[in-house]
Amino acid sequence: MEVLAGLKYSKEHEWVALEGQIATIGITDQAQDRLGEIVYVELPGVGKKISKDDPFGIIESVKAASDIYAPVSGTVVEVNEDLPESPQVINEDPYGDGWLIKVRISDASELDDLMGDKEYEEMVAREQE
Amino acid sequence: MDQLRRTPLYGLHRQLGARMTGFAGFDMPLNYSGIIEEHQAVRQRAGVFDLSHMGELAVEGQGAAPLLERVLTNSAGLLQLGQAHYTLMLNEQGGTIDDLIVYRKGSDSYLLCVNAANTDTGYQWLARANREAAELRNESDQTALVAFQGPRAAELLEAHSKPALAALGRFHCAPLVLFGVKCFAARTGYTGEDGFELFLDSNDAPKVFEALLEVGKRYQVLPCGLGARDTLRLEAGLTLYGHELDTETTPLEAALDRFVVFGRGFVGEAALRAEREGGLRKRLLGLLPEDSRSVARTGYRLFLDGRQAGKVTSGTYAPTLGRPVAMGYVSPPFANEGDTLEVEIRGRRISARVTTLPFYRRSRP
């Protein structure tokens, strides 16, 4: 399982990459592996507000439908337009081309609640015990 | 939670990197490489499944045929030696206790392959009904079941069995030696493809499972888990106990009429007759959700003209069709093929076209 340094991670297995006020959000390698082959993705439109810890979208794999929880609050400024056509990109490249949305964050201090890569790795290891 | 049981192939599954899941009390492979890849392997080439969780009940002696005639919906008395058929075990109300395959192994010897979750219930039901004094044995613990399914299955095994497996007709069965191992083989399956199910002594299972993967290398045959088993059977329109069938559901409601032979006085027959005359309380339909962006899953509600009409019993993304499919029950007045229902997916109602089952039918050579 791959965990990238420099990203922030949520307990719900989302990652956040912050550049200025814009946070790119995706799901982790661990999450995509658990879900299995992803077949559909439902994401909010540009301009929609999302709130930390609330579901903002749905990922459907062959096995099940799973909520995606917002790791931070903010307003959606961009959505990955390639996902409806090729949702399997999330399985193939969860930290790269498989990103989900970009949001303008409303409260930078929320980032402090998220984990660093080491801490996230430890949490995953604990979950697997 | 009770400890999950392991099949004789558990060690091999771990070695092959399977993702495991609890199913009917067993720790079973959900998938190895991935559900879609495994699904496609079976549709295009072949796949190997561990089905050792399933139950095997032996029914033997002079009382065997008369007992089975009385407790099963299909007429076991019609089976020739070396023949098998799909059948159901009902309670007096016509509700389904289990659905199973009966194999006629000898003149007075039958093998019942039953659902893992129903093995004990089925055995006890037979034992209580057994006024014919048939010999009953639950052989599930010492029996492993491996399925080899797909269009290349027969060809791949041609050189490895004596007598030739390929000589078995669809729904026929015979004892034979495969890879030097004695087994009871049947040309049956649960995938909508050609293929075989191999009943083995538990100790022999790993050898046969590995040998199947080895001979299958030529066609990239894959080990397949319960995930692909479910998508394959759903595309093929096959019912799954606990989803489409339960003690509240009759075979007529499940559109399994062709496996019911009336006029024999089997347990549940009177209830089925009454239902046939009075009209079905519900009926199983195939559904094609028209917004192909979300999957209608088990328990989702169905609506017809704004009123709740039933529920989805199984739904998935169908890899061969590249779209979602579902099955579900609706109450009367029944929708017909081509009609449109609505399925509620996360609070949104989405149109779903009623279609006949199966969703997928293999082309026959």
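1. B:Thr7 lies in the segment that precedes helix H1 (10-15) of chain B. In this predicted model, the residue is buried, because its relative accessible area is 5%, and the cut-off for that class is under 20%.

2. The surroundings of B:Thr7 may be described in two steps. Its side chain is in polar contact with the side chain of B:Asp50, at 2.6 Å. When residues up to four places away in sequence are not counted, B:Thr7 touches B:His13, B:Phe26, B:Met28, B:Asp50, B:Ser52 and B:His53.

3. On one side of the pairing, strand E2 (residues 14-19) of chain A joins E3(A) in the antiparallel sense over 6 bridges. Within this arrangement, A:Glu19 stands opposite A:Ile22 of E3(A).

4. The hairpin formed by E2(A) and E3(A) has 2 residues between its strands, and A:Gly20 there takes a positive phi near 60°.

5. E3(A) has a further antiparallel partner in strand E9 (residues 101-105) of chain A, with 4 bridges between them. A:Ala23 has A:Val103 of E9(A) as its bridge partner.

6. The interface of chain B and chain A buries about 1,400 Å², with 48% of that area on carbon and sulfur atoms. On the chain B side, B:Arg293, B:Arg297 and B:Arg346 lose the most area to chain A, and together they account for 41% of what that side buries. The contact draws 19 residues from chain B and 15 residues from chain A.

7. One of the salt bridges links A:Glu60 to B:Arg346, with the closest N and O atoms 3.1 Å apart.

8. As to which elements of chain B face chain A, strand E2 (26-31), helix H2 (35-44), strand E17 (307-318) and strand E18 (323-330) each supply at least two residues. H2(B) gives the largest share, 3 residues. By residue class, this side of chain B divides into 6 nonpolar, 6 polar and 7 charged residues.

Notes. Residues numbered from 1 in each chain as written. Chains lettered and ligands numbered in written order. Predicted model: local features only at pLDDT ≥ 70, side-chain atom pairs only at ≥ 80, totals over all residues. Heavy atoms only, no water. Pairing = 2+ DSSP bridges. Buried < 20%, exposed > 50% of the residue type's maximum accessible area, 1.4 Å probe, protein only. Polar contact = N/O pair within 3.5 Å; in protein donor to acceptor, adjacent residues only side chain to side chain. Contact = heavy atoms within 4.5 Å. Buried area = accessible area lost by both parts, 1.4 Å probe. Salt bridge = Lys/Arg side-chain N within 4 Å of Asp/Glu carboxyl O. Nonpolar A, V, L, I, M, F, W, Y, C, P; charged D, E, K, R; others polar.
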